[in-house]
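Biologist: I would like to learn how to read a structure that I have not seen before, one feature after another. Could we look at it together?

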Amino acid sequence: MPPQKSQKPPKQGSKSDKKKSSPPSGPRRKPQNQQQQRQPGSNDEAENKIEISSTIPVSLQQLLLNVFKAALLPIHTSASKDQATEDDTAEESQLDVKTLIQTLKSHLYNRDFESAFADASGELLRAYALRWSAARTLGYAGLFKSLLEALFQEQRDAPSGGSERNHVVCIGGGAGAEIVALAAAWRDLMDAQTGDLSDTLDAVSLETAKVKEPSSSSASPSLSITAVDIGDWSMVVDRLSSTILSPDVPSSKSHPAPLLPTNSNFSVDFNRLDVLSLTDAELASLYHTTKSPSTTPTTLVTLMFTLNELFSTSMAKATTFLLKTTDLLQPGTILLVVDSPGSYSTLKLGKSDSSGVPQERQYPMKFLLDHTLLSVAKGRWEKIYSQDSRWWRRDAARLWYDVGEGAGLEDMRFQIHVYRRL
């Protein structure tokens, strides 16, 4: 991922987990838990205009973990080994997760994000996704469910009926956490929609001669995802995307595989790009800013553990990126920013004075974000949700994730800010 990541620790302008409790364990996002709670006394709660409190069932969370394991930690059966070529066998063999994670932690500790991401091998990237993306996916799923519910409700309430096509751009999303989390939120929402329809049909009296046809508003909308990153995460994205549709992933009766059926109107694309270096035309193409009737409009943009890294890479370029994004997105589009809380997302800016003494000042990422969107781009965004510190805690007693030593689940603490384009 280019200077912008979403699931891995910082990498020249990608997400920045680089500043978490400890460099080694602070890559892009931390795992999470099925409960997303507001911290009492948050000074942002009064301004929140939407609810971000949805969760997904534990059995569905387990299916997400199984998707990561099946996609990125394959184990050959004897039959498949006989049919595989020597190269295939080498590619598909089980990862040495412990060694790879130690290598990753060393790179992160030394702030060598080029080695950790941009120049990393496929095996190293797979290990990263197994270690950090899988857990973060669990916490992200509830956030995405809340936002998709809000988007769909606004579309239903729109005078024209709104568009049922939705495009999500995940800046720094190559490591897969956003992709699988969006698939989970999509699954949960579609299951609820199917359940609501079944309840309606069951409630119809046998004396009623005919059943009402479902309204057009109940039709399943489509969701396309474009994950953008500075590193070459194409193999990880491809593996996860195909496994999301696989019926062979271990699952439960309450949430059987596949995570999504092939007819779910859900698609994924990956672009290896540095968003801080894109031309206006390239950024417009990324956001589907085009007059083509076949283009799905961008309705959600995410920066998950990425914005802090973008600011750290270049304050000027990151600010320009946000302002260009403002110009290109259509009214109603949601911008979701999730990052490390507190001092972990504080940037030091300033130059040395005439005597060569550094004159640095510290700025919280939240301040820089608000300044850019609410002051510089005044009147073009509204903040609809903000929380400076929030925990997502995993259900340690009920979730199972065994992919190798050093790759266990953990809780996630983060800050979250949501804006709507006016």
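Biologist: Where does P258 lie?

Modeller: Keeping in mind that this is a predicted model, you can find P258 in the loop between α8 and β4. The peptide bond that leads from A257 to P258 is cis, with omega near 5°.

Biologist: How should I read backbone angles of that kind, and which value of phi does N265 have?

Modeller: The general idea is that most residues other than glycine have a negative phi, and most peptide bonds are trans. N265 has a positive phi of about 60° although it is not a glycine, and N265, too, is found in the loop between α8 and β4. With a relative accessibility of 40%, N265 counts as partly exposed, because partly exposed covers what falls between the buried limit of 20% and the exposed limit of 50%. H288 also has a positive phi, of about 60°, without being a glycine, and its place is the loop between α9 (280-286) and β5 (298-304). The relative accessible area of H288 is 25%, so H288 is partly exposed.

Biologist: How far apart in sequence and in space are F68 and S133?

Modeller: F68 and S133 are 65 residues apart in sequence, while their C-alpha atoms are 8.6 Å apart in space. F68 belongs to helix α1 (residues 58-72), and with a relative accessible area of 0% F68 is buried. Leaving aside residues up to four places away in sequence, F68 touches a list of residues that includes A129, L130, S133, A134, V180, L240 and Y401. A second pair to look at is S252 and L60, which are 192 residues apart in sequence and 8.5 Å apart from C-alpha to C-alpha. S252 is placed in the loop between α8 (234-244) and β4 (266-272), and its 28% relative accessibility is why S252 counts as partly exposed.

Biologist: Is K145 buried or exposed?

Modeller: K145, which is found in helix α6, counts as buried because its relative accessibility is 14%. Not counting residues up to four places away in sequence, K145 touches S54, T55, I56, A185, D188 and L189. K145 and A184 are 39 residues apart in sequence and 8.3 Å apart in space, C-alpha to C-alpha.

Biologist: At what angle do helix α4 and helix α6 pack?

Modeller: Helix α4 (residues 97-109) and helix α6 (residues 122-157) pack at an angle of about 90°, and their axes are 9 Å apart. The angle therefore makes α4 roughly perpendicular to α6. On the α4 side the contact is made by V97, L100, I101, T103, L104, K105, H107 and L108, which meet E123, L124, A127, Y128, L130, R131 and W132 in α6. Sorted by class, this contact has 10 nonpolar, 2 polar and 3 charged residues.

Biologist: How many cavities of 30 Å³ or more does the structure hold?

Modeller: As a general idea, rolling a probe the size of a water molecule over the atoms shows where empty space is left. In this case the structure holds 1 cavity of 30 Å³ or more, and the volume of the largest cavity is about 30 Å³.

Biologist: Which residues line the largest cavity?

Modeller: The lining is formed by I50, L147, A150, L151, E154, I334, I384 and R420. Helix α6 gives the most to this lining, with 4 residues. By class, the lining has 6 nonpolar, no polar and 2 charged residues.

Terms used: Residues numbered from 1 in each chain as written. Predicted model: local features only at pLDDT ≥ 70, side-chain atom pairs only at ≥ 80, totals over all residues. Heavy atoms only, no water. Axes fitted to C-alpha atoms, helices over the stretch in contact; angles between N-to-C directions. Helix = DSSP H or I, 4+ residues; strand = E, 2+ residues; numbered from the N terminus. Parallel < 35°, antiparallel > 145°, perpendicular 65-115°, else oblique. Contact = heavy atoms within 4.5 Å. Nonpolar A, V, L, I, M, F, W, Y, C, P; charged D, E, K, R; others polar. 1 Å grid on protein atoms, 1.4 Å probe; cavity = no way out; pocket = protein on both sides within 12 Å on 5 of 7 lines; lining within 4 Å. Points joined across faces, edges and corners; volume = space filled by probe spheres on them. Buried < 20%, exposed > 50% of the residue type's maximum accessible area, 1.4 Å probe, protein only.
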